[in-house]
Amino acid sequence: MEDEQSATYTVDDALLSSGFGRYQVLILSYAGVALISEAMEMMLLSFVGPSVQLEWNLTAHQESMITSVVFVGELIGAYSWGVISDNYGRRQGFLFTAIVMSGAGLLSAFAPNYASLMALRFLVGIGLGGGPVLSSWFLEFVPAPSRGRWMVIFSTFWTVGTIFEASLAWAVMPRFGWRWLLALSSVPSFVLLLFYVITPESPRFLCMKGRIPEAVDVLEKMARLNNVPMPSGRLVSDKNIELDEVSESATLLASVAAGSDGGGKEEEENDNIKEDEGSNFGGIKSVSKLLSPKLFRATVLLWLAFFGNAFSYYGIVLLTSELSNGNRICAKEEVESVHSNESSLYKNVFISSFAEIPGSVASALMVDRVGRKLSMASMLFTACVFLFPLVFSQADILTGISLFGARLCISASLSILYIYAPEIYPTSVRTTGIGVASSVGRIGGILCPLVAVALVHNCQQTAAILLFELVVFLSGMAVMFFPFETKGSRLNDTEGI
């Protein structure tokens with residue numbers, strides 16, 4: 001009896017005991033709808049830009065800016081929501097993202113002119129920047145042994161969103177126009193607001209902030225819904241859990257140091273918590289932790305990987321329409337009717353979106369078998385192989401196959417990167433770390449339509465594809481130099497890695 005009272009357990013222990021049950025399925029469903037919403041808002045840029053350009057007589061540069069301004073918003077939002085979520089909770093973070101995204105998304109449909117559309121899409125971008133918050137929130141409910149597999153399954157909701165948006169555009173745009181597409185694409189964000197009241201806070205975040213009773217309440221609800229018993233004993237903050245790659249001796253020393261005070265352990269933890277809740281104006285303290293000597297290498301390489309993956313992914317999505325249009329214009333072929341071109345655009349984007357399904361399957365098979373690093377690197381280098389034939393103009397079918405294969409590989413790499421990123425950071429800066437990395441990725445998204453896609457517009461396809469090849473190759477090299485593998489490791493709550 002005395003042993004039971006003195007026994008302790010951590011959030012990781014409770015998650016292992018619970019397994020992936022009905023509770024996690026509900027968490028996955030909510031986070032999945034958020035990812036579908038994010039994918040739809042991003043994919044509609046492929047359809048809205050050309051239509052708005054025709055309706056308002058915009059230049060090619062102005063059309064590109066409609067896409068780039070969304071990424072500028074995401075750059076700001078990813079950092080801001082990450083800091084808010086690490087300081088005030090995951091739920092607070094994704095509540096504000098849903099409000100901003102749904103409101104600005106719907107209002108975009110009523111934009112009277114180019115300037116107002118740009119402003120509203122910028123706000124949508126700020127909301128979209130909260131995407132990493134949802135992935136961190138879901139991740140913190142998943143047991144470590146199956147984390148890689150379930151995070152890949154989570155990423156397939158993005159694929160569902162891209163396919164659904166292409167289908168929606170195909171059905172709506174020819175009959176009702178781009179305004180209806182913008183309005184209907186905002187619906188999933190309103191669904192998030194509708195069910196927000198029943199979403200739980202991350203027990204790992206609650207535990208880190210010293211809100212132990214609230215964390216226990218969440219874990220007890222999880223155990224009841226999954227029909228499993230709770231671990232016996234008292235929940236404690238797992239601040240001393242290290243990644244498996246850390247040497248056992250270092251972990252032992254850390255444990256001894258933390259436990260040497262005996263009865264004063266709780267007091268020490270509370271002091272640490274108060275320290276964590278200290279001044280963090282503008283997230284400066286959190287960012288400084290990301291660039292501390294122990295995290296510096298991982299952080300910089302992660303930024304390079306996010307930049308390269310985002311630049312390449314959104315570039316390939318945009319090239320699906322730009323290459324066919326560019327080849328037709330540069331070859332001075334007779335331009336078909338606008339309706340025919342639009343129909344071809346919807347078909348090409350729809351078909352290429354399906355590349356993400358085998359991409360998700362490939363990443364699911366690899367991520368927990370060969371590890372995160374090797375999986376990402378192999379996908380990126382394979383993408384280089386698929387892109388190479390496009391250095392010169394090819395027949396439509398070969399262009400389609402090359403873009404399909406490249407998108408398959410880049411989407412798989414990006415899925416695994418979003419699994420790896422939160423695993424390398426401690427809970428106190430996890431969403432800030434992913435948010436800043438995601439912001440760097442958004443810079444890639446901003447530059448992509450302005451640089452690479454502009455080259456295709458100017459009939460410089462060779463230069464554009466060589467640029468993509470270089471970016472993808474350097475991303476693969478950055479991944480190879482990541483400092484450690486996180487396959488099968490527990491999430492880290494300490495700052496020492």
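Two rings of Phe, Tyr or Trp, the last represented by its six-membered ring, are taken as a pair if their centres lie within 6.5 Å. All views below show a predicted model.

**Figure 1. Aromatic pairs and the contact between Tyr23 and Phe141.** The structure contains 20 aromatic pairs. One of them joins Tyr23 and Phe141, with 6.0 Å from centre to centre and 45° between the planes, a tilted arrangement. Because Tyr23 belongs to helix H3 and Phe141 to the loop between H8 and H9, the pair ties together parts that are 118 residues apart in sequence. Tyr23 has a relative accessible area of 9% and is therefore buried. Phe141 is likewise buried, with a relative accessible area of 0%.

**Figure 2. The ring cluster around Tyr196 and the charge placed over that ring.** Tyr23, Tyr30, Phe94, Trp137, Phe141 and Tyr196 are linked into a cluster by ring pairs. Arg91 lies over the face of Tyr196, at 4.3 Å from the ring centre.

Figure 3. The twelve residues of H4 should span 16 Å at 1.5 Å a residue, which agrees with the 16 Å between its end C-alpha atoms. Leu45, Ser46, Phe47, Val48, Gly49, Ser51 and Val52 are the buried residues of this helix. Asn57 follows H4 and lies in the loop between helix H4 (45-56) and helix H5 (60-88). Most residues other than glycine have a negative phi. Asn57, which is not a glycine, has a positive phi near 55°. With a relative accessible area of 67%, Asn57 is exposed.

Figure 4. Asn227 is not a glycine, yet its phi is positive, at about 60°. Asn227 is placed in the loop between helix H13 (212-226) and strand S2 (234-235). Its relative accessibility of 64% exceeds the 50% cut-off, so Asn227 counts as exposed.

**Figure 5. The largest cavity and its lining.** Six cavities of 30 Å³ or more are counted in the model. The largest cavity holds about 340 Å³ of space. Its lining comprises 21 residues, of which Leu35, Ser155, Trp158, Leu414 and Tyr418 are the closest to the centre. Two or more lining residues come from each of helix H3 (22-43), helix H8 (131-139), helix H9 (147-176), helix H17 (296-330), helix H19 (356-367) and helix H21 (396-423). H9 gives the most, with five residues. By residue class, the lining of the largest cavity divides into eleven nonpolar, seven polar and three charged residues.

Figure 6. Phe392 lies in the loop between helix H20 (372-387) and H21. At a relative accessible area of 56%, Phe392 is exposed. Phe392 and Gln460 are 68 residues apart in sequence, and their C-alpha atoms are 9.7 Å apart in space.

Technical notes
Residues numbered from 1 in each chain as written. Predicted model: local features only at pLDDT ≥ 70, side-chain atom pairs only at ≥ 80, totals over all residues. Heavy atoms only, no water. 1 Å grid on protein atoms, 1.4 Å probe; cavity = no way out; pocket = protein on both sides within 12 Å on 5 of 7 lines; lining within 4 Å. Points joined across faces, edges and corners; volume = space filled by probe spheres on them. Helix = DSSP H or I, 4+ residues; strand = E, 2+ residues; numbered from the N terminus. Nonpolar A, V, L, I, M, F, W, Y, C, P; charged D, E, K, R; others polar. Phe/Tyr/Trp six-rings, centres within 6.5 Å; stacked < 30°, edge-to-face > 60°. Buried < 20%, exposed > 50% of the residue type's maximum accessible area, 1.4 Å probe, protein only. Lys NZ or Arg CZ within 6 Å of the ring centre and 35° of its normal. Expected span 1.5 Å × (residues − 1).
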